[in-house]
Amino acid sequence: MQLLACIIRALAVVSLALPAINGGEAATFSKTAAALPSHGKLVLTCFELRDIGRGSGLALTLQTPSGGTYLYDAGLGARHSTDSDAPKQWPPILIDWDAGRDAILPFLKEQKISEIKGIVISHPHSDHYGGAFHLIQSLRVATLVDNGYNEVGISSEYRSLREFVQARHGTYRIARAGDRLDWGAGLEVEVLWPPRDLLTEKDIDLAKAIQDKLTTPNQKPTHFFPNLNSLVLRVRHGSNVFLLPGDIHPIGIDRMLDAMSSEKVKTTVLVAPGHGIHPYAKLPAATKPEIVVVSSLPRYSNSDAARVYGNEFGARVYLTYRHGRIRIVSDGERVAVETER
């Protein structure tokens with residue numbers, strides 16, 4: 001009987017690491033975290049976000065081998081949903097929901113985490129930073145890191161986030177390609193993008209890019225340039241690499257990949273840029289991810305992410321609107337995945 005119990009436990013662990021593929025999407029076999037101890041490991045948790053009528057959103061935590069907790073983006077929030085100070089007609093907010101208050105903070109309390117070592121904001125769009133205000137107000141946040149973007153598309157609300165963290169005794173830091181972040185022993189955290197000199201309207205003719213079909217006709221500078229300059233992180237834990245690219249635009253992907261060796265961009269876990277809505281095949285072709293995480297909403301759902309990342313490149317694809325909260329544990333050699341559903 002003891003031997004049979006050991007075999008059953010071993011099979012349960014294997015099932016966590018080997019999801020089935022169904023139409024490009026991955027389906028896990030386990031809903032429990034018992035077989036996924038986090039001590040001494042790197043744990044990435046990507047949150048399922050609610051639809052408030054403002055973008056799709058991204059928020060994930062990284063719990064490091066040395067015991068620190070970091071965020072890469074902080075999701076959206078009904079009270080903080082302004083991407084630009086330019087007059088515009090916004091659709092009504094659908095619900096009073098805040099990723100920091102209603103998803104991230106309860107998770108941190110469950111984990112008995114009272115301090116966030118750092119929040120990295122990939123770019124100043126409100127569905128990526130909106131939840132940070134509540135977190136900074138509720139917990140000690142030691143550092144806020146972004147790319148220092150102050151061009152078209154940034155709002156006074158986002159600038160106030162930088163001031164807010166400093167008013168609460170945290171520090172603010174700008175990071176760009178070539179910089180490294182110290183997240184403790186066992187990790188290498190490197191910024192791959194944006195370039196030292198951010199790309200602006202002086203560098204790229206947006207109208208010509210649309211004409212040459214390098215971007216879509218509905219792109220506006222306030223949306224295009226913040227995405228283009230997304231802060232891309234490469235997090236290496238042993239032989240596993242996590243690539244966090246924000247909403248980097250394909251033009252930025254091309255330039256980033258041109259500047260990197262093939263070995264540098266090879267990836268174990270890729271968080272799909274742009275919420276997987278318009279996947280750019282050159283990225284998975286270069287990075288060769290084993291696992292792709294897509295943070296998206298049902299109204300943006302389509303088969304493109306599963307088809308491109310999964311069917312065409314063989315990755316296991318997890319989508320927050322379908323799988324719920326997604327947890328990935330790295331021991332430095334292997335990764336295991338757990339989903340809510």
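This is a predicted model: local features need pLDDT of at least 70, side-chain atom pairs count only at pLDDT 80 or more; totals for chains, interfaces and linings use all residues.
Which residues of α5 are buried? They are Glu157, Tyr158, Leu161, Arg162 and Val165. Buried means under 20% relative accessible area, exposed means over 50%, and partly exposed lies in between (1.4 Å probe, protein chains only).

Residues are numbered from 1 along each chain as its sequence is written, and side-chain values use heavy atoms, with hydrogens and water left out.

Helices (H or I, at least four residues) and strands (E, at least two) are DSSP runs, numbered from the N terminus. Helix α5 has 12 residues, 156–167, and at 1.5 Å a residue should span 16 Å; its end C-alpha atoms are 16 Å apart, which agrees. The expected span is 1.5 Å times one less than the number of residues. After α5 comes His169, with a positive phi near 75°.

What do the buried residues of α5 pack against? Their partners are α3 (126–129), α4 (132–138), β8 (140–141), β9 (143–146) and β10 (171–174). Contact means heavy atoms within 4.5 Å.

Now to α8 (250–258). Its buried residues are Ile251, Gly252, Ile253, Met256 and Leu257. They pack against β12 (188–193), α6 (206–211), α7, β13 (232–237), α9 (262–265) and α10 (282–287).

The largest share, 3 residues, comes from α7. A pocket is an open set of points on a 1 Å grid over the protein atoms alone, with protein on both sides within 12 Å along at least five of seven lines; a cavity is a set where a 1.4 Å probe fits but cannot get out; lining residues have an atom within 4 Å of a point. Points are joined across faces, edges and corners, and a volume is the space filled by probe spheres set on them.

The largest pocket holds about 1200 Å³. Of its 37 lining residues, Asn218, Gln219, His223, Asn227 and His278 are the closest to its centre. The lining has 13 nonpolar, 17 polar and 7 charged residues. Ala, Val, Leu, Ile, Met, Phe, Trp, Tyr, Cys and Pro count as nonpolar, Asp, Glu, Lys and Arg as charged, and the others, Gly among them, as polar.
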